[in-house]
Amino acid sequence: MTERILYQFPISHYCEKSRWQLDYKGLAYRTRNLLPGPHRLRTQWMARINTLPVLRDGQRVVGDSTKIAYYLEKHYPERSLIPTDAESRARVIELEQQLDRVAVHVRRWLYGQIIDRPEVMDAMLDPYRLPSPVQKVLAPVTREGVRRLYRIEPKAVAHSGQRLEEGLELVEETLRRGNGRYLVGERLTLADITAAGLLAPLVSPAGTPWDIFEEGTLPAALQKQLDDLRERPAGQWVLARYAEDR
Ligand SMILES: N[C@@H](CCC(=O)N[C@@H](CS)C(=O)NCC(=O)O)C(=O)O
């Protein structure tokens, strides 16, 4: 049997997009968690990129969640996530691209709100089961690395807040124009997996890697912002997709 490995950060929403697609297609795979920072040695060596996810499928290696998506569709067409009729296909491809770009702003805006909370570095580093003194040293280094890499600074975070709002409105408008359940047509497509997987950190569906805050521990203003996100149509839709399709 082909050995299939998804190299990932468990907390990465782009990795979630690939996990969801693999799961939906019923393809067996193992995950291998790479440590943030040193991961680049492996991703460069395997796929000449800096980011995760990277998929190894037997002898083949594919990096980037979009390339992985098209690779999987091509080689494993069962349970297809890209419609065959030209109009729907074009719409799915367009939404996938738009929402992939929104995901950068999801990440920056959300880190902008929570990066200094200890739960965040715990969620990022706990999966590696490092000795606790090592994790203690690594946590602030990783936090500063994340801050620099993703430009978690007030002006950029505010800009990302606006782009995020546009992304949420795009999802809501698309749902209003369609059947309200799926973004394109009558069944789950790559557009839904991209939107729901990449927006999920904002609404932290139960059991996902973003479900990390104990009730009542966040400052009231932030909790209200997150509650509002969960309650608006796009947030409700993401939660429904997780409940029904994940
Ligand atoms: N366009 C890429 C984006 C992936 C991405 O940004 N991954 C982040 C984690 S969410 C990453 O690996 N960052 C580490 C780095 O840039 O060194 C994809 O779709 O796979």
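**Ligand surroundings and domain contact in a predicted model**

A backbone N or O atom of L52 lies 2.8 Å from an oxygen atom of the ligand, a polar contact in the sense used here, namely a pair of N or O atoms within 3.5 Å, where within protein one atom must be able to donate a hydrogen and the other to accept it, and residues adjacent in sequence count only if both atoms are side-chain atoms. The structure is a predicted model, in which local features need pLDDT of at least 70 and side-chain atom pairs count only at pLDDT 80 or more, while totals for chains, interfaces and linings use all residues. Residues are numbered from 1 along each chain as its sequence is written, and side-chain values use heavy atoms, with hydrogens and water left out.

D64, although not a glycine, has a positive phi of about 95° and lies in the loop between strand 4 (60-63) and helix 3.

The chain is divided into domain 1 (4-75) and domain 2 (86-245), with bounds that come from an automatic or database domain assignment. Taken over C-alpha atoms, the centres of domain 1 and domain 2 are separated by 19 Å, and the contact (heavy atoms within 4.5 Å) takes 22 residues from domain 1 and 31 residues from domain 2. Between them the two domains bury about 2200 Å², 69% of it on carbon and sulfur atoms, where buried area is the accessible area (1.4 Å probe) that two parts lose on being put together, summed over both. In domain 1, the residues that lose the most area to domain 2 are I11, H13 and W20, which together make up 35% of what that side buries.

Polar contacts between domain 1 and domain 2 involve 10 residue pairs, both residues being at pLDDT 80 or more. On the side of domain 1 that touches domain 2, helix 1 (13-25) and helix 3 (65-75) each supply at least two residues, and helix 1 gives the most, with 8 residues.

Salt bridges, defined by a side-chain nitrogen of Lys or Arg within 4 Å of a carboxyl oxygen of Asp or Glu, number 2 between domain 1 and domain 2. K17 forms a salt bridge with E96, with the closest N and O atoms 2.7 Å apart, and K17 also forms a salt bridge with D100, for which the closest N and O atoms are 2.7 Å apart. K17 lies in helix 1 and D100 in helix 4 (residues 86-114), so the latter pair ties together parts that are 83 residues apart in sequence.

Key: Helices (H or I, at least four residues) and strands (E, at least two) are DSSP runs, numbered from the N terminus.
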